[in-house]
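Reader: Please look closely at a single part of this structure, and then say what surrounds it. Spell out the cut-offs as you go.

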Amino acid sequence: MFYIALKIILYDKLRSFFTLLGVVFAVSLIFAQVGIYQGLMEASSVLIDHTAGDIWVTSKNSKNFDFCQPFPEYFYYSALQVPGVQSVDKAIIGWGMIRQQNGGQEQVEIMGYQPDRGVGGPWDLKEGRPSDVKNGNFMIVDESAVKRLGAFKVGDYRDVMARRIQIMGISRGVKSFTTAPYLFTSYSLAQELVTYVGHDNTVFLIIKTLPGSDKGTVIRLLREKLPAMDVLSKEEFSSKTRLYWTIETGVGFSFLLTIMVSFFIGMLIVGQTIYNSTIEHIKEYGTMKALGASTAEISRIIVSQAAINALVGYSVSLLVTLASVKMYEAGGMVMVVKTSVNLIILLMTMLMCLCSAFYSIKKIKNIDPAILFRG
Amino acid sequence: MVPVVAKELSKIYREGSLEVTAVASVDLEFQSGELIGLFGPSGSGKTTLLSMLGCMLKPTGGTLELFGQDITSLDERDLPAIRKKYISFIFQGFNLFPPLTVYENVMLVMNLKRIDPMVADQRARELLEAVGLGKRMNFLPRELSGGQRQRVAIARALAADAPLILADEPTGNLDHENGRTVMEMLKTLASEQNCCVVVATHDNRINDLFDRVVCMEDGRMLPEKRKET
Ligand SMILES: Nc1ncnc2c1ncn2[C@@H]1O[C@H](COP(=O)(O)OP(=O)(O)O)[C@@H](O)[C@H]1O
Ligand SMILES: [Mg+2]
């Protein structure tokens, strides 16, 4: 039956081509939406995901990574006492302004980490080392900041919060969701630059657990010890941040809406082609019925047509998507293509095409025998 | 077993308050090896009767037995199996799948009947050879003449290997010569394969070929005149 479906599709090449185009259009749009959304979400939690730490301690009810409030550093010692804790690192995230060479200002996010420890610092450096920001007015800037800050190189100076800071290194892959570039500085410099943090305060405690200890238990003990803080596993903090940006900014809804609209448009296109084709061949399907085929057997031809449309459309869309990843990157967007997500999109495409066959199958079920006998 | 036994078989079409009696209380009995002509003017109920005999249409009254099996009491879901086992159709409009080649059209029926592909392939070639289309197996239906298409349909009906063959105006779209060829094939089929072949037609030019002729008028069966042999 699959073979017959294929023959029917190949028979009317022009119609099949336009159907394929429709499927590719709809599915590519879904791919792009999902890919860009994923890119944005990865960006929103990029620092959490790449920092070597199992547990994050933040101020109570902090919404996400970027909007955490400072709290007293001495909680550091309390955390250190909890059984199962191997190490605790302090880190700071805060907002600041940078002066561009031409005199304009840009907002930046300052990430302060302990240069000797490196936890919370850059993980992939094009130039320099994480420890280069130690003891002085130094920073590491991500290469993606070039769009906002203008061209820069190691050794350049920039004014951050009215202080001359020298660029000591250039990192890779630290693009923020908020579009404000990340600047990495030493912990102590960050305390000064982000004036609302100040001395004796930190923004994060990043905790590593002892090998073999149960993370859940450590989190519970930390929560008991630090009732005024939020204690979250790395994964929880990451998804909390992603969820915040997804929901609060409405990007989630807008992506979802586009995906759903694409889904329905694809369904309509495939549905109406298959329906037209079914009507066109209704006499032959009826004849098959007259010769003993059951509705189920004939439906298999229709479903196969839908499945072929889905598979070919999906494959072409995937190729289009993979080919356009570079294009998106050139445009400053990150598009993520993941196998697991691809499989979900494949299922969606299948579902889209199979649903579209529904009315055609209904038509087959109720073929009026009279049409067979017309000359 | 007798291929067809119908008693007081009738069909009334209802469309809103309008009732059309297409077949009214028909009694018949068709035997194997017979080529039966079902004559009658247009609108006399021939197609409706064939549809009922072919289990494509549910009668509104009477009983129908095919090969000793009561059909009227069967559920809709059991009918495909009956059709698969006993019945084959030939239509005025041929009803071949345009995207499939001649060969594939014939193979399709055997595929439906789960006949082993090797056996089916052999059979399809033989049948197409027999109807004179051995050299056109890979043609599409649109590349054939009407007479050739009807011969494909006959090959298809034969491939189904059904003991009851129902043909509705099989010569209706054919010229005299092609029509005769087709009818002669059906006659051979009845006599050599011992099939029961029922041909609904109002084509009087082929009158002489039938073993038996039954006539309908306004849904009723006229008294039968047996052909002297
Ligand atoms: N599906 C239908 N609905 C309503 N009336 C029908 C239908 N099919 C046939 N009829 C009517 O039944 C009568 C017999 O039709 P038909 O069986 O096609 O006759 P024939 O094949 O001898 O020309 C005609 O009056 C026709 O109008
Ligand atoms: Mg008719």
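Author: In the residue classes used here, Ala, Val, Leu, Ile, Met, Phe, Trp, Tyr, Cys and Pro are nonpolar, Asp, Glu, Lys and Arg are charged, and the others, Gly among them, are polar. The model is predicted, so to speak of local features takes pLDDT of at least 70, side-chain atom pairs count only at pLDDT 80 or more, and totals for chains, interfaces and linings use all residues, while side-chain values rest on heavy atoms, without hydrogens or water. Residues are numbered from 1 along each chain as its sequence is written, and chains are lettered from A, ligands numbered from 1, in written order.

(On a 1 Å grid over the protein atoms alone, a pocket is an open set of points with protein on both sides within 12 Å along at least five of seven lines; a cavity is a set where a 1.4 Å probe fits but cannot get out; lining residues have an atom within 4 Å of a point. Points are joined across faces, edges and corners, and the volume is the space filled by probe spheres set on them.) The lining has 21 residues, and those closest to the centre of the pocket are S144(A), K175(A), S176(A), G332(A) and M333(A). By class, the lining of the pocket splits into 11 nonpolar, five polar and five charged residues.

Two helices of chain A, helix 2 (13-44) and helix 5 (146-149), each put at least two residues into the pocket lining. (Helices are DSSP runs of H or I with at least four residues, strands runs of E with at least two, numbered from the N terminus.) Helix 2 of chain A contributes the most, four residues.

Chain A is divided into domain 1 (2-43 + 250-373) and domain 2 (61-227), with bounds from an automatic or database domain assignment. At the contact between them (heavy atoms within 4.5 Å), domain 1 of chain A provides six residues and domain 2 of chain A four. The C-alpha centres of these two domains are 47 Å apart, and the lining of the largest pocket takes at least three residues from each of them.

The lining consists of I8(A), I9(A), R15(A), S16(A), T19(A), T273(A), I274(A), S277(A), Q305(A) and N309(A). The classes in the cavity lining are three nonpolar, six polar and one charged.

Y244(A) sits in helix 8 (residues 234-248) of chain A. With 18% relative accessibility, Y244(A) counts as buried (buried is under 20% relative accessible area, exposed over 50%, partly exposed in between, with a 1.4 Å probe and protein chains only). Leaving out residues up to four places away in sequence, Y244(A) touches K63(A), N64(A), F67(A) and T249(A). Between Y244(A) and L205(A), 39 residues apart along the chain, the C-alpha separation is 21 Å.
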